[in-house]
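Subject: Structure for you to look at

Hello,

Please find the structure below.

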Amino acid sequence: MQIRKAKASELTEILAIYERARGFMRETGNPTQWEGGYPSYALLSADIEAESLYLIEDEEGIHGVFAFFPEGDPVYDALSVSWLNPLSYGAIHRVASAGTKKGMLGACVDFCLSVRENLKIDTHKDNLVMQAALKKAGFTECGTANIPDVGERILFQRCERNQL
């Protein structure tokens with residue numbers, strides 16, 4: 001698997017992956033996390049323009065998509081949560097699989113860890129599939145918080161070192 005930055009010309013395919021992910025979440029007991037067409041075309045376009053949207057692909061095509069912010073997320077910085085450490089971190093958002101290959105979260109995390117050894121991510125309380133996948137990928141649950149515009153989320157962190 002290779003990871004590369006997404007291009008604006010790929011938005012139609014990217015939107016289809018997110019639609020498939022919304023369907024999968026509904027089927028697995030998480031009907032409200034990305035309701036209303038989230039993430040929107042405008043948000044994904046902004047991610048692409050900021051060079052923050054990445055694709056996971058191989059010779060057969062695109063299998064996953066995620067947003068990565070190596071300098072962190074100001075929303076996370078404002079939360080009163082017991083994070084594992086106060087070190088600089090990268091934030092992962094909007095992970096979605098096309099459902100064509102396994103291991104999309106693992107590929108995403110490996111890539112992000114190659115940039116930052118401290119990562120943060122969140123998910124919906126009903127997204128049991130993602131919660132289990134995050135724990136399997138070495139993330140620790142750090143608490144819950146109400147995040148503006150998305151609601152209550154469970155927050156996770158993974159770090160390769162805890163010392164300051």
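Among contacts in the protein chain between residues at least 6 apart in sequence, what percentage join residues at least 24 apart? The figure is 67%, where contact means heavy atoms within 4.5 Å.

This is a predicted model, in which local features need pLDDT of at least 70 and side-chain atom pairs count only at pLDDT 80 or more, while totals for chains, interfaces and linings use all residues. Residues are numbered from 1 along each chain as its sequence is written, and side-chain values use heavy atoms, with hydrogens and water left out.

The whole chain

The protein chain has five helices and seven strands. Helices (H or I, at least four residues) and strands (E, at least two) are DSSP runs, numbered from the N terminus. Starting at the N terminus, the order is β-α-α-β-β-α-β-α-β-α-β-β. The radius of gyration is 15 Å, close to the 15 Å from the globule rule for 164 residues, so the chain is as compact as a globular protein of that length. That radius is taken over C-alpha atoms, and the rule is 2.2 Å times the number of residues to the power 0.38. Of the 164 residues, 48% count as buried. Buried means under 20% relative accessible area, exposed over 50%, and partly exposed in between (1.4 Å probe, protein chains only).

Helix α2

In α2 (residues 41-49), the residues L44, D47 and I48 are buried. They lie on the same side of α2 because they cover an arc of only 100° around the axis, the arc being that of the directions from the helix axis to the C-beta atoms. An α-helix has 3.6 residues a turn, so residues three or four places apart point the same way. Exposed residues A42 and E49 sit on the face of α2 turned away from its buried side. The cover over the buried residues of α2 includes α1 (11-27), β2 (53-58), β3 (61-69) and β4 (90-97). After α2 comes E51, with a positive phi near 60°.

Six of the six residues of β5 are buried. N118, K120 and D122 are on one side, and L119, I121 and T123 on the other. β5 pairs with β4 in the parallel sense over two bridges; strands pair if DSSP finds at least two bridges between them. The chain goes from β4 through helix α4 (residues 104-115) to β5 in a right-handed β-α-β crossover. Right-handed here means that, with the strands pointing away from the viewer, the path from the first strand over the helix to the second runs clockwise. β5 is also joined to β7 (residues 151-159), antiparallel, by six bridges, and T123 stands opposite I154 in β7.

N127 is in the loop between β5 (118-123) and α5 (128-136). N127 counts as buried because its relative accessibility is 8%. The side chains of N127 and T123 make a polar contact of 3.3 Å. A polar contact is a pair of N or O atoms within 3.5 Å; within protein, one must be able to donate a hydrogen and the other to accept it, and residues adjacent in sequence count only if both atoms are side-chain atoms.

Q157 in β7

Q157 is found in β7 and has 0% relative accessibility, so Q157 counts as buried. A polar atom of the Q157 side chain lies 2.6 Å from the backbone nitrogen of L84. The side chain of Q157 also makes a polar contact with the side chain of N85, at 3.4 Å.

Regards
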